[in-house]
Each structure stands twice: as C-alpha cells, then as structure tokens.
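Please read it alongside the sequence and the structure shown here.

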Amino acid sequence: MNKLNILLTNDDGISAEGINVLAENLRDAANVYVLAPHINRSGVSSHLDMESKLEIFEVGKNVYAYEGYPVNCVITGLRSKLFGEVKFDCVFSGINHGPNMGTDCIYSGTVAAARQAVLYGVPGIAVSLKNPPSSENYDFAPFARFLANNLSQLVSLFRPNVILNINAPHSKKFNGVKFSSLCVRNYADKVEVQNSNGKIVSHFRGDLKNTFGEENNEYETVKNGCISITRLFAEPVCLIKNESCNFNV
C-alpha cells in the first residue's frame, strides 16, 4: 500500500519542537515534506506576503525553512514545483505550542494554514497541544503518536470546505476522542500607549479571561482529558435573513 504524501507546516517556525516531533512520528506512516516559516509566525492568521521574493532555505531532505508566513508555505508547497511532481494527500499544521480553540482560530496561523489547504481542495488538519503545567516542559510525543497511528482515519474525515481542528490535553495518556463544538474565548486584552524617546508607541498585552460554550465544547473535552476534533468551515458562512428595514437610497 502506497504511503500518503503529507505537507507539514506550522506557525511556530521550523525549529519548533512540535513540528519536528510530529514529522519524526509521521515518517513511519507517510512520506513527509516540510515547509515551515524560518521564524516564529504565531498569531498571523491568513496573512501572506504577495510582493516580496522570499528565500527558501534547505534544512534537510525534503525539509525547508521559508521567509514567508504559514499560508505562504501551503501555497508554495501545493502550487509550486519545490517538491517536484508530488501530489499531496493532506496538509498537517502543527503541532502548535498551546491550544487553538474557538475564537483563537480567527488569529491562529496554525489554523490558517489548514484553511488554505482546504481552499485548494486538499484535506487540512490543524493540530495543537494544550500548555503543560508551568513546572513541566512540552511533551509532544503522545499526541504525535496518536496522529501517526490514526492518519488514514483522520484524512478520511475530510469533506469539501471543512477544516479539522484537533486539540489535545497535555498528557501521556488520553481518555478518548470526541467530536466537539466550538467554544468562545473571552480575551482580557490591553494596549498601553506611551511616549518613548519622542515617539508614540503601543504595547499589546494579550491575556485570556475565560472560556465558555455549549455542552461538549472543545475546551471542556480537552479539560476532561480527551482529544477534541472540531470541524470548521473554511469559507465564510453568510447568514441570510429577511429583515424589515427602511433604508434611504
């Protein structure tokens, strides 16, 4: 049986532990091709560089770092000949350092990379690991093994215009896998505007206030020790409703 061809990217950068542990585990089950930002590009959403000539750095066999953003990586991986005539069966984005749930998905470069794949008709899977307790380091191996061991099942979940967004608890053993609804993240963001050496500067300080949602939302799923799979639309969804309004035109 032929192995699947997987394009692997992230938003934490080519040197991030999460992407390297995932690549190592996926290589037993698939042909893995890596194209990831050369530096951390977290929180860039679907930003892409459309004008510059971006340099690509060869790191290893079928492994490249890229001056672009996560979406640039997916576009280049799928629409160029960087990897020759390879036809990709799936794009994995991650493993992200920290969760991407609900409102996070608006800002996440991890999710944006998976979205771009889906917009091109290729299964896109964003994978993120909950932060460990402050006294511990990230351990990506258990989650990476789960993804590699269930690769074909995950790819089979692909539907046109649907992203798989997968979040896992930081644990050596999981209590199961559940399809979850989206949660809502309430941020306590602050911006400090100051005068500095004759210039007006701003300093953004992001923070998470609370998380909530309907029953079986992804936050509660992960909190209960299970891996959460949430299916999101890649294209914007429009709500059409008849309203009675008097407009002046």
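A crossing of two helices is called left-handed if the near helix is turned anticlockwise from the far one by less than a right angle, and right-handed if clockwise. Helices (H or I, at least four residues) and strands (E, at least two) are DSSP runs, numbered from the N terminus. The model is a predicted one, in which local features need pLDDT of at least 70 and side-chain atom pairs count only at pLDDT 80 or more, while totals for chains, interfaces and linings use all residues. Residues are numbered from 1 along each chain as its sequence is written, and side-chain values use heavy atoms, with hydrogens and water left out.

**Helix pairs**

Axes are lines fitted to C-alpha atoms, for helices over the stretch in contact, and angles run from 0 to 180 degrees between N-to-C directions.

| Helix pair | Angle | Axis distance |
|---|---|---|
| α1 (residues 17–26) and α5 (residues 141–149) | about 40° | 9 Å apart |
| α2 (residues 70–79) and α4 (residues 109–119) | roughly 30° | within 8 Å |

The crossing of α2 and α4 is right-handed, and the contact (heavy atoms within 4.5 Å) is formed by Pro70, Val71, Val74, Ile75 and Leu78 of α2 together with Gly109, Ala112, Ala113, Gln116 and Ala117 of α4. By class, this contact of α2 with α4 comprises 8 nonpolar, 2 polar and no charged residues, where Ala, Val, Leu, Ile, Met, Phe, Trp, Tyr, Cys and Pro count as nonpolar, Asp, Glu, Lys and Arg as charged, and the others, Gly among them, as polar.

The crossing of α1 and α5 is also right-handed, and α1 contributes Val21, Leu22, Asn25 and Leu26 to the contact, whereas α5 contributes Ala141, Ala144, Arg145, Leu147 and Ala148. The residues of this contact of α1 with α5 divide into 7 nonpolar, 1 polar and 1 charged.

**Burial and cores**

Because 7 of the 10 residues of α1 are buried, this helix is largely enclosed by the rest of the structure; buried means under 20% relative accessible area, exposed over 50%, and partly exposed in between, with a 1.4 Å probe and protein chains only. The cover over the buried residues of α1 includes β1 (4–9), β2 (30–37), β5 (90–97), β6 (124–129), α5 and α6 (151–156).

A nonpolar core is a set of buried Ala, Val, Leu, Ile, Met, Phe, Trp, Tyr and Cys residues joined through side-chain atoms within 4.5 Å. The largest has 37 residues, and Leu22 and Phe143 are among those with the most contacts inside it. Apart from this core lies another, of 14 residues, including Leu35, Leu54, Tyr66 and Phe83.
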